[in-house]
Amino acid sequence: MKLGISQLIFLSFSVLIILSVINTNVIVLNLNRSSKVESEIDDVIDPSIHAIDEFNLLITRSRMLSSIWVSNRDREIDKTALKLLLSKEYPSLRLKLKQLTEYWSDKSMADSLNIILNDFEKLTLLEREVMKTLKNKSSYDNHEEKFRCEEIVSMQILPFSDILI
């Protein structure tokens, strides 16, 4: 069967139109996929990274403030900062991290973070013990208790916080 010139032109344009439609559909699918990835980065990944960085800083501040609590009976501003960190900042950050992990696709990462958060809870118990033992300036005069608190900080809090970071 022999095709005329008008039929060849029509067939060529038809193929060209079909290829253009296919190409457009592929582009639209890629754009949708890219949009979903971008949305996940903006809504989950970036906030998660920021919250984890904030948690690492919180651990560092916690260890520093615990050390100051034991070594300096007069630093009320740092004692207040540790109380605030344990009563407000950490619970708020923990809640934020828990909410973000609900959207993580890798559940093993969420499980790892839960272990770290639980370990930090254990660390806060040690810090609270130090705070309770050295609750006022006169409690620093009990050398046994002060020495015990120094040991808790140097032998437990500092090494444990190193592991968490």
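Which helix does Asp78 lie in? Asp78 lies in helix H2, residues 76–101. Helices here are DSSP runs of H or I with at least four residues, numbered from the N terminus.

Hello everyone, a word on the model before we go on. This is a predicted model, with residues numbered from 1 along each chain as its sequence is written. Local features need pLDDT of at least 70, side-chain atom pairs count only at pLDDT 80 or more, totals for chains, interfaces and linings use all residues, and side-chain values use heavy atoms, with hydrogens and water left out.

Back to Asp78. Is Asp78 buried or exposed? Asp78 is buried, because its relative accessible area is 12%, and buried means under 20% (exposed is over 50%, partly exposed is in between, with a 1.4 Å probe and protein chains only). Leaving aside neighbours within four places in sequence, Asp78 is in contact with Leu65 and Ile68; contact means heavy atoms within 4.5 Å.

Now to helix H1. Ser62 has its place in helix H1, and at 0% relative accessibility Ser62 counts as buried. Not counting residues up to four places away in sequence, Ser62 touches Leu82, Leu85, Phe120 and Glu127. Ser62 and Leu123 are 61 residues apart in sequence, yet 9.3 Å apart in space, C-alpha to C-alpha.

Val70 is also found in helix H1, and Val70 is buried, with a relative accessible area of 3%. Leaving aside neighbours within four places, its contacts include Val130, Leu134, Tyr140 and Cys149. From Val70 to Ile152 there are 82 residues in sequence and 9.7 Å in space, C-alpha to C-alpha.

For contrast, look at Leu16. Leu16 is found in helix H1, but Leu16 is partly exposed, with a relative accessible area of 49%. Leu16 and Pro159 are 143 residues apart in sequence and 69 Å apart in space, C-alpha to C-alpha.

Next, the core. How many residues does the largest nonpolar core have? The largest nonpolar core has 31 residues, and those with the most contacts inside it are Phe55, Leu58, Trp69, Leu97, Phe120, Val130 and Ile157. H1, H2, H3 and helix H4 (143–164) each supply at least two residues of this core. By a nonpolar core I mean a set of buried Ala, Val, Leu, Ile, Met, Phe, Trp, Tyr and Cys residues joined through side-chain atoms within 4.5 Å. Take Val130: leaving aside neighbours within four places in sequence, Val130 is in contact with Trp69, Val70, Cys149, Ile152, Val153 and Ile157.

Thr133 is in helix H3, residues 107–133, and at 17% relative accessibility Thr133 counts as buried. The side chain of Thr133 reaches the backbone oxygen of Glu129 at 2.8 Å. That is a polar contact, a pair of N or O atoms within 3.5 Å; within protein, one must be able to donate a hydrogen and the other to accept it, and residues adjacent in sequence count only if both atoms are side-chain atoms. Beyond four places in sequence, Thr133 is in contact with Ser139, Glu145, Arg148 and Cys149.

Last stop, the pocket. Which helix gives the most to the lining of the largest pocket? Helix H1 (residues 5–71) does, with six residues. The lining includes Glu40, Ile52, Trp104 and Met109. A pocket, on a 1 Å grid over the protein atoms alone, is an open set of points where a 1.4 Å probe fits, with protein on both sides within 12 Å along at least five of seven lines; lining residues have an atom within 4 Å of a point.
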